[in-house]
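Please examine the sequence and the three-dimensional structure shown here. The explanation below leads through them step by step.

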Amino acid sequence: MPYSPLMVRPMREELLAAGFDELRSAEDVEAFLAEEGDRTALLVVNSVCGCAAGMARPGVRLALQEGPRPDRLVTVFAGQDLEATARARAHFADVPPSSPSMALFKGSELVWFLPRHRIEGRDALAVAEDLRAAFAEHCAVPA
């Protein structure tokens, strides 16, 4: 059973305020991954857990403040957007499901992944450093 929309609203809004678009349905995920070209995109599997609140979301916000960044920022919410989350996870099926987690795509190809076990127990700065390194490797430098 999905979490209450009232409970997760502040957690959603934290990423929306950082420029993320929500993928709320399986169709949204498929449309996002069907976009043509080799644009980069960060997909965050958001969550209600403490490591999402203390490490993942703050780490993402820090990583986006400077340097290269993905062309597009999208999110699904595990525990609420059940179909969208399942469809997103199907595109990185070789990785065990975890939330929070982060997937970096170039076009529809997964090029980098940060699972929950690399988020929990670390601080937001460490998560941001991992993201910045992935962005530096895979994303264009802003003009």
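Predicted model: local features only at pLDDT ≥ 70, side-chain atom pairs only at ≥ 80, totals over all residues.

Residues are numbered from 1 along each chain as its sequence is written, and side-chain values use heavy atoms, with hydrogens and water left out. Helices (H or I, at least four residues) and strands (E, at least two) are DSSP runs, numbered from the N terminus.

Two packed helices are described by the angle between their axes and the distance between the axes. Here the axes are lines fitted to C-alpha atoms, for helices over the stretch in contact, and the angles run from 0 to 180 degrees between N-to-C directions. Angles under 35 degrees count as roughly parallel, over 145 as roughly antiparallel, 65 to 115 as roughly perpendicular and the rest as oblique.

Helix H1 (residues 5-17) packs on helix H3 (residues 50-63) at an angle of about 15 degrees, and their axes are 10 Å apart. That angle makes H1 roughly parallel to H3. The crossing of H1 and H3 is left-handed; a crossing has this hand if the near helix is turned anticlockwise from the far one by less than a right angle, and is right-handed if clockwise. From H1, Met 11, Glu 14 and Leu 15 make the contact (heavy atoms within 4.5 Å). H3 contributes Arg 57, Pro 58, Val 60 and Arg 61. By class, the residues of this contact of H1 with H3 divide into four nonpolar, no polar and three charged. In this scheme Ala, Val, Leu, Ile, Met, Phe, Trp, Tyr, Cys and Pro count as nonpolar, Asp, Glu, Lys and Arg as charged, and the others, Gly among them, as polar.

H3 also packs on H5, at an angle of about 45 degrees and with the axes 7 Å apart. H3 and H5 are therefore oblique to each other, and H3 passes H5 in a right-handed crossing. On the H3 side the contact involves Gly 54, Met 55, Pro 58, Gly 59, Val 60, Leu 62 and Ala 63. These residues meet Ala 124, Leu 125, Val 127, Ala 128, Leu 131, Arg 132 and Phe 135 in H5. The contact of H3 with H5 has eleven nonpolar, two polar and one charged residues. Leu 125 lies in helix H5 (residues 124-138) and counts as exposed at 51% relative accessibility, where exposed means over 50% relative accessible area, buried under 20% and partly exposed in between (1.4 Å probe, protein chains only). Leu 125 and Ala 56 are 69 residues apart along the chain, yet their C-alpha atoms are separated by 9.7 Å.

A further helix pair is formed by H2 and H4, whose axes come within 7 Å and cross at roughly 35 degrees. In this contact, Ala 26, Val 29 and Glu 30 of H2 meet Glu 83, Ala 84, Arg 87 and Ala 88 of H4. The contact of H2 with H4 comprises four nonpolar, no polar and three charged residues.

Which residues of H2 are buried? They are Ala 26, Val 29, Phe 32 and Leu 33. They cover an arc of only 125 degrees around the axis, which puts them on the same side of H2; the arc is that of the directions from the helix axis to the C-beta atoms. What covers these buried residues includes S2, S3, H4 and S4. On the other side of H2, Glu 27 and Ala 34 are exposed, with Glu 27 at 55% relative accessibility. The C-alpha atoms of Glu 27 and Ala 84 are separated by 7.6 Å.

In H4, the buried residues are Ala 84, Thr 85 and Ala 88. Their arc around the axis is only 95 degrees, which puts them on the same side of H4. They pack against helix H2 (26-34), strand S2 (40-46) and strand S3 (72-77).

The loop between helix H4 (82-90) and strand S4 (101-106) holds Ser 99, and Pro 100 lies in that loop between H4 and S4 as well. Most peptide bonds are trans. The bond from Ser 99 to Pro 100 is cis, with omega near 0 degrees. Ser 99 counts as buried at 16% relative accessibility. Leaving aside neighbours within four places in sequence, Ser 99 has contacts that include Val 45, Cys 49, Arg 89 and Arg 116.

Finally, Trp 112 is placed in strand S5 (residues 109-114) and counts as buried at 18% relative accessibility. Not counting residues up to four places away in sequence, Trp 112 touches Met 102, Ala 103, Leu 104, Asp 130, Leu 131, Ala 134 and His 138.
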